[in-house]
Amino acid sequence: MASAMAGRKIVITGGAGFIGHNLALSLKAMGAKVDILDSLQVNNLNAFASNTNNLPNRDLYLSLIQQRLSMLFSADIPVHVIDVRDYHTTGRLLAELQPDVIVHLAAIAHANVANKDPYSTFDHSLRTLENTLDYARQFGTHFVYFSSSMVYGDFPDGFVTEESTCNPLGIYGALKFSGEKMVIAYNQVFDLPYTIVRPSALYGERCVSRRVGQVFIENALQGFQLQVAGDGSDRLDFTYVADVVNGVARIIEDERSRNQIFNMTFGQSRSIAGMIDIVCSHFPDVSVTYIPRDRLMPSRGTLSMDKARRLLDFEPSFPVERGFPLYIDWYKKLFAERQKTPQAAAV
Ligand SMILES: NC(=O)c1ccc[n+]([C@@H]2O[C@H](COP(=O)([O-])OP(=O)(O)OC[C@H]3O[C@@H](n4cnc5c(N)ncnc54)[C@H](O)[C@@H]3O)[C@@H](O)[C@H]2O)c1
């Protein structure tokens with residue numbers, strides 16, 4: 001039987017990022033024709049290439065980004081280096097590529113950065129969204145918008161479904177929620193078929209975003225302390241990137257995803273303390289310190305995955321007890337390889 005993905009033309013904006021390159025490789029392997037639009041400017045090559053910003057582990061991150069680009073090149077996935085804020089360049093390229101599906105990932109993807117730099121976050125997140133929507137509306141392109149669990153704000157009783165009230169806290173969540181409203185408005189006005197995806201706390205290979213799990217492993221590997229914001233009781237629905245990638249593939253394949261919002265996580269929260277236990281089981285000598293919790297970080301928990309199960313027959317398969325050790329093993333091998341080349345070892 002021919003795969004529902006075979007020959008499908010998919011454009012991924014922000015596709016050279018963490019989620020994007022993993023998604024692109026997977027969709028391509030399933031038979032889709034994938035093109036990436038990425039400026040490489042935000043949390044990517046150009047941002048890390050500057051040697052004036054004193055970023056921790058800068059050389060490591062540059063090599064991880066280089067790995068992404070090499071993997072995309074080997075898989076024959078074109079990376080069109082353009083700024084999706086540029087309306088005309090983006091429109092011209094999309095008109096050439098004529099995608100059946102646009103997955104819109106381009107954004108500033110970090111709540112802390114967004115609160116410090118609202119102007120750029122607005123620009124990279126909403127200007128890029130409007131430009132791609134404006135192309136998609138003319139051709140009925142299936143538009144997959146990456147929102148976030150941050151649209152919910154504080155989770156009442158630590159649990160949300162797609163029906164829960166959204167009450168975002170801070171710039172990032174508010175912009176993601178505005179993005180959702182714009183996508184739905186394009187559906188109301190132009191009949192644009194859409195799917196909104198709400199992921200949370202992703203981890204996995206070649207991430208350079210310095211989210212909590214990644215920093216824990218890098219610190220443990222370098223013999224540094226693990227620093228916890230709060231007392232460790234905060235709960236997050238940690239999600240291995242493969243689960244989101246497989247969920248998005250189901251969204252593209254299955255017509256029942258059209259004009260729907262889906263949580264896209266593992267579907268069971270874990271405490272930060274629980275994640276530290278996993279790290280400690282792999283690095284017994286590691287020590288932990290605690291700093292005050294960020295007041296703008298909502299109190300979260302589990303995102304129900306029942307709707308994706310029911311409508312898309314999608315079952316996430318990586319609880320943190322399975323996915324996080326895979327990620328740790330990958331990092332251990334990476335560091336061992338880097339030890340063999342003295343220049344690279346100096347992360
Ligand atoms: N990673 C997570 O845990 C998570 C959770 C919820 C939602 N999301 C959302 O998923 C999407 C992807 O996240 P990620 O973790 O892969 O982020 P990332 O920072 O790794 O990737 C974002 C990519 O977008 C590109 N980009 C940004 N502005 C651009 C522009 N103007 N033109 C062209 N390209 C541009 C960047 O260069 C980068 O490669 C984002 O929209 C993010 O908000 C991520």
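In what order do the 7 strands of the open sheet run? The order is S3-S2-S1-S4-S5-S7-S12, and the pairing is parallel. This is a predicted model.

**The open sheet**
- Strand S3 (79–80) and strand S12 (260–263) are the edge strands. Each of these two pairs on one side only.
- Strand S2 covers residues 33–37 and runs parallel to S3. The two strands are joined by 2 bridges.
- Leucine 37 has histidine 80, in S3, as its bridge partner.
- In general, strands of a sheet pair through backbone hydrogen bonds, in either a parallel or an antiparallel way.

**Helices across the strands**
- Helix H4 spans residues 87–97. H4 lies across strand S1 (9–13), S2, S3 and strand S4 (101–104). Its direction is at about 175° to S2.
- Helix H6 spans residues 118–139. H6 lies across S1, S4 and strand S5 (142–146). It runs at about 175° to S4.

**Histidine 110**
- Histidine 110 sits in a loop, between S4 and helix H5 (111–116).
- What does the side chain of histidine 110 reach at 3.4 Å? It reaches the backbone oxygen of serine 209.
- Beyond its neighbours within four places in sequence, histidine 110 is in contact with Tyr172, Ser209, Arg210 and Arg211.

- Strand S9 takes in residues 226–229. Leu226 and Val228 make up its covered face. Gln227 and Ala229 make up the uncovered one.
- S9 pairs with strand S14 (residues 288–291). The sense is parallel, and there are 4 bridges.
- Alanine 229, on the uncovered face of S9, stands opposite isoleucine 291 in S14.

**Cysteines**
- How many disulfides are there? The count is 0, where a disulfide needs a pair of cysteine sulfur atoms within 2.5 Å.
- Cysteine 166 counts as buried because its relative accessibility is 17%, and buried means under 20%.
- Cysteine 280 has 24% relative accessibility, so it counts as partly exposed. That class lies between the 20% and 50% limits.

**The domain record**
- UniProt lists residues 10–263 as "domain: NAD-dependent epimerase/dehydratase", in an unreviewed entry. Such annotations may be inferred rather than shown by experiment.
- The span of residues 10–263 is 46% helix and 16% strand.
- The end C-alpha atoms of this span lie 21 Å apart.

Note on methods
Residues numbered from 1 in each chain as written. Predicted model: local features only at pLDDT ≥ 70, side-chain atom pairs only at ≥ 80, totals over all residues. Heavy atoms only, no water. Pairing = 2+ DSSP bridges. Contact = heavy atoms within 4.5 Å. Axes fitted to C-alpha atoms, helices over the stretch in contact; angles between N-to-C directions. Polar contact = N/O pair within 3.5 Å; in protein donor to acceptor, adjacent residues only side chain to side chain. Buried < 20%, exposed > 50% of the residue type's maximum accessible area, 1.4 Å probe, protein only.
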